[in-house]
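Please read this report alongside the sequence and the model. It goes from the sheets to single residues, then to the whole protein.

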Amino acid sequence: MATPLQDGELVAAIDLGSNSFHMVVAQYLLGQLRVVDRLRETVRLGEGLDARGTLSREARARAFDCLSRFGQRIRDIPPHRVRALATNTVRRLAVPQAFLMPAESALGHAIEVVSGREEARLVYLGVAHAQPPAPGKLRLVIDIGGGSTEFIIGSGLDPLERESLQAGSIATTRRFFADGRLDRGRWEDARTEVLAEFQQFAVHFRARGWDDAIGSSGTAKAIGAICAAMGLTKGAITAAALPRVRDALLAARRIDAIDLPGLNDERRPIIAGGLLVMEAAFQALGLERLMTSKAAMREGVLHDMVGRGGADDPRDAAVDAMVQRYGIDREQALRVEATALRLFDQLAGAWLLDHDDRLLLARAARLHELGLTIAHSQYHVHGAYVVEHSDIAGFSRQQQQYLAALVRTQRRKIPKHAFDVLPDRLLRAARHNAALLRLAVLIHRGHEADPIPLLEARAEGEVLELGFQERWLQARPLLRADLEDEPAAMRALGLELRIRTR
């Protein structure tokens, strides 16, 4: 979000889940979010995903039809007040852009792909705002989606531990019960496999501990409703109730014959996988009781949008944490950032760059020397890899790829395919920002703290003219030589660079 929300503005969050697509529209009033509309459609995107990472034509059609209806509802909301996030199924696509480009056209807004741990952060944020934890207490949140399950331990509004595993209601049903048959032996074998996957983090989570536990999203709510309808609880999920629910489910012998009280027809085809994951989670974590929440990732996205563009932007905290973790020279990073933004502010109008582009450039500048912690040789390559593949709170996959492209192209030869992973809507701005970061890094190669007396930038189309004070530049022969070589490198970014002095 480019600027802080103003009173009365509308915001929208869209969650492209593996089972359902959700949209929440809210109005920002007196510092609070008031929900004015909700839309939900069962799309079953995950059912259309094959082992090669390809979506079926039917799943794509369901998704595009749903997104076009969502798009009609938010047609009048400005793009910077809308966030649409895709999760597990889109993460697993072999060629995500083949789905995302027509999906964005149908919705009329950009769609971000988020990592499992970023999804976990947003889930926790949504639940914590809806049901605030007691001060000083730790809370466990479990979100069983269609394609993955997120586990979070947090305090207050802050997630402290985040994990995401490839085990959701759709994925697990397809994995173990694809032929529709249910029997106890198959169930026990399947639970053992899922339990083994959960063990990789369960010991650490149990050592950290928690004071209460909450389940969010459709699977938890469905199982809670079944427990209540069977008279086992008043809506909570308990270790004592789960075996009773499981036995009733297995008695059906086939998925299409399941007839559990409180279970709707829409949830029936995938409840077996969801219940299996829930039972394994209870066993792995030693849970006795799990309350349920109506909030989920989409509510977390709305609250995250409130913080963006202001002092509470989680992306700034995440970047600062990386600066500290990797021992980046903070003073040099700030020098490069200041010069890059000095150039940006002179060229933003000519190149139609916006506030979000400015933020991404600033964050890339702060991280540009990250790779030095690995090796000086090819440090820009090392840094780009870490930036792209780390879990950085607040950033979508495309935003991390954008940052990584800028870090990768800050020096030396620019690879032909440096920007290929970015969606077309980000390409032009990314190439322009890459040029600005290159120039800032080059200008500060000597790590000088002295101010630059003159730095003028102007552009006409793809022609970039950079002006320096002649006396200042003459006193820096290394910089002058680097600037003489830079026009050749800039051609790889589609730019013609001209240097002048006065």
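## Terms and basis

Two strands pair if DSSP finds at least two bridges between them. Helices (H or I, at least four residues) and strands (E, at least two) are DSSP runs, numbered from the N terminus.

This is a predicted model: local features need pLDDT of at least 70, side-chain atom pairs count only at pLDDT 80 or more, and totals for chains, interfaces and linings use all residues. Residues are numbered from 1 along each chain as its sequence is written, and side-chain values use heavy atoms, with hydrogens and water left out.

## The three-stranded sheet

Strands S12, S13 and S14 form an open sheet, in the order S12-S13-S14, with mixed pairing. Strand S12 (455–460) and strand S14 (496–501) are the edges; each has a single partner strand, so one side of each lacks a neighbour in the sheet. On average, neighbouring strands here are turned by 20° against each other, direction ignored. Axes are lines fitted to C-alpha atoms, for helices over the stretch in contact, and angles run from 0 to 180 degrees between N-to-C directions.

S12 and strand S13 (residues 463–468) run antiparallel and are joined by six bridges. Ala-459 has Leu-464 in S13 as its bridge partner. Helix H12 (residues 330–351) packs on this sheet and touches S12 and S13. The direction of H12 makes about 25° with that of S12. Contact means heavy atoms within 4.5 Å.

## The five-stranded sheet

Another open sheet holds five strands in the order S3-S2-S1-S4-S5, again with mixed pairing. Its edges are strand S3 (32–42) and strand S5 (111–113), each with a single partner strand, so one side of each is left without a neighbour in the sheet. The twist averages 20° from one strand to the next.

Strand S4 (residues 82–86) pairs with S5 in the parallel sense, over three bridges. There, Ala-84 has Ile-111 in S5 as its bridge partner. Helix H1 (residues 57–73) packs on the sheet. H1 touches strand S1 (10–16), strand S2 (20–29), S3 and S5, and its direction makes about 15° with that of S2.

## Two buried residues

Buried means under 20% relative accessible area, exposed over 50%, and partly exposed in between (1.4 Å probe, protein chains only). Ile-142 sits in strand S6 (residues 138–144). Its relative accessible area is 1%, so Ile-142 is buried. Ile-142 and Ser-216 are 74 residues apart in sequence, yet 6.3 Å apart in space, C-alpha to C-alpha.Ser-390 lies in the loop between helix H14 (379–389) and helix H15 (397–408). Ser-390 has 19% relative accessibility, so this residue counts as buried. Leaving aside neighbours within four places in sequence, Ser-390 is in contact with Met-322, Tyr-326 and Gln-400.

## A covered helix

How many residues of helix H10 are buried? Nine of the 11 residues in H10 (residues 297–307) are, and the helix is mostly covered. The buried residues include Arg-298, Glu-299 and Asp-304, along with Met-297, Val-301 and Leu-302.

## Aromatic pairs

Rings of Phe, Tyr and Trp (its six-membered ring) pair if their centres lie within 6.5 Å; planes under 30 degrees apart count as stacked, over 60 as edge-to-face and the rest as tilted. This rule gives eight aromatic pairs. One of them joins Phe-201 and Phe-205, edge-to-face, at 5.0 Å centre to centre and 75° between the planes.

Both Phe-201 and Phe-205 lie in helix H6 (residues 184–208), four residues apart, about one turn of the helix. An α-helix has 3.6 residues a turn, so residues three or four places apart point the same way. Phe-201 counts as buried at 4% relative accessibility, and Phe-205 counts as buried at 1%. Phe-151, Phe-198, Phe-201 and Phe-205 form one aromatic cluster.

## The whole protein

The protein has 18 helices and 14 strands. Of its 502 residues, 55% are buried. Among contacts with a separation of 6 or more, 70% come from residues 24 or more positions apart.

The C-alpha atoms fill a box of roughly 85 × 50 × 45 Å, taken along the principal axes.
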